[in-house]
Amino acid sequence: MRFRPEQHLRRQDEIRAVRTEGRRVDARAFTVWWKRRDATADPAVPPGPPRVCVVASTAAVGNAVRRNRAKRRLRETFRQHQHLVPASCDLMLIARAAAQHVPIVELGKKFAEACAQIPPAPPAP
């Protein structure tokens, strides 16, 4: 599956909402913050795809080369396992130093475990 532009969480207010109103799941190599987007007033409109924002700080991960590597690996993990994330869910993945060293298969397993802790969307009325 491709990582499409509508799957990027870009606006600062949306990112802040995920951090302040969302819930956190610790995956050791990274942290997942998630928040379900508000359903539209029209139930005939299908839910949108999950969106993601990847963050890697200098203090947690290191210099620019290390931060970019950790973010690339987390974006690829999301791309490969996005089917596990409920629709209309916004995610923020916060990298830790281990995100650049843990094998990509292990990152995928940790991401799948974190996604399993996100409850499915409630049925539309």
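**Figure 1. Order of elements in the chain.** From the N terminus on, the elements of the protein chain run α-β-β-β-α-β-α. The chain has 3 helices and 4 strands; helices (H or I, at least four residues) and strands (E, at least two) are DSSP runs, numbered from the N terminus. This is a predicted model, in which local features need pLDDT of at least 70 and side-chain atom pairs count only at pLDDT 80 or more, while totals for chains, interfaces and linings use all residues. Residues are numbered from 1 along each chain as its sequence is written, and side-chain values use heavy atoms, with hydrogens and water left out. Of the 125 residues of the protein chain, 41% count as buried; buried means under 20% relative accessible area, exposed over 50%, and partly exposed in between (1.4 Å probe, protein chains only). Among contacts between residues at least 6 apart in sequence, 78% join residues at least 24 apart, where contact means heavy atoms within 4.5 Å.

**Figure 2. Strand S4 and its two partners.** Two strands pair if DSSP finds at least two bridges between them. Strand S2 (residues 30-36) runs antiparallel to S4 and is joined to it by 7 bridges, with Ile 94 of S4 as the bridge partner of Thr 31. Strand S3 (residues 51-55) runs parallel to S4, with 5 bridges between them. Ile 94 is also the bridge partner of Val 55. From S3 the chain crosses through H2 to S4, and this β-α-β crossover is left-handed. A crossover is right-handed if, with the strands pointing away from the viewer, the path from the first strand over the helix to the second runs clockwise.

**Figure 3. The hairpin of S1 and S2.** Strands S1 and S2 run antiparallel and are joined by 4 bridges. Asp 26 stands opposite Thr 31 in S2. The hairpin has 3 residues between the strands, and Arg 28 takes a positive phi near 70 degrees there. Arg 28 is found in the loop between S1 (23-26) and S2 and counts as exposed, at 64% relative accessibility.

Figure 4. Most residues other than glycine have a negative phi, and most peptide bonds are trans. Ser 88 is not a glycine but has a positive phi of about 60 degrees. Ser 88 is found in the loop between H2 and S4. At 14% relative accessibility, Ser 88 counts as buried.

**Figure 5. Helix H3 and its buried face.** H3 has 13 residues and reaches 18 Å from its first C-alpha to its last, close to the 18 Å expected at 1.5 Å a residue; the expected span is 1.5 Å times one less than the number of residues. The buried residues of H3 are Leu 107, Gly 108, Lys 110, Phe 111, Ala 114 and Cys 115. Seen down the axis of H3, these residues fall within an arc of 165 degrees, so they line one face of the helix. The arc is that of the directions from the helix axis to the C-beta atoms. The face turned away from the buried side carries the exposed residues Val 105, Glu 113 and Ala 116. What covers the buried residues of H3 includes S1, S2, H2 and S4.

Figure 6. Rings of Phe, Tyr and Trp (its six-membered ring) pair if their centres lie within 6.5 Å; planes under 30 degrees apart count as stacked, over 60 as edge-to-face and the rest as tilted. By this rule the count comes to 1 aromatic pair. The ring centres of Phe 78 and Phe 111 are 6.3 Å apart and the planes stand at 90 degrees, so the pair is edge-to-face. Phe 78 lies in helix H2 (residues 64-81) and Phe 111 in helix H3 (residues 104-116), so the pair ties together parts that are 33 residues apart in sequence. Phe 78 is buried, with a relative accessible area of 0%, and Phe 111 counts as buried at 1%.

**Figure 7. Val 102 in the loop between S4 and H3.** Val 102 is found in this loop, between S4 and H3, and is buried, with a relative accessible area of 16%. Leaving aside its neighbours within four places in sequence, Val 102 is in contact with Ala 29, Arg 73 and Leu 107. The C-alpha atoms of Val 102 and Ala 70 are separated by 9.9 Å, and the two residues are 32 residues apart along the chain.
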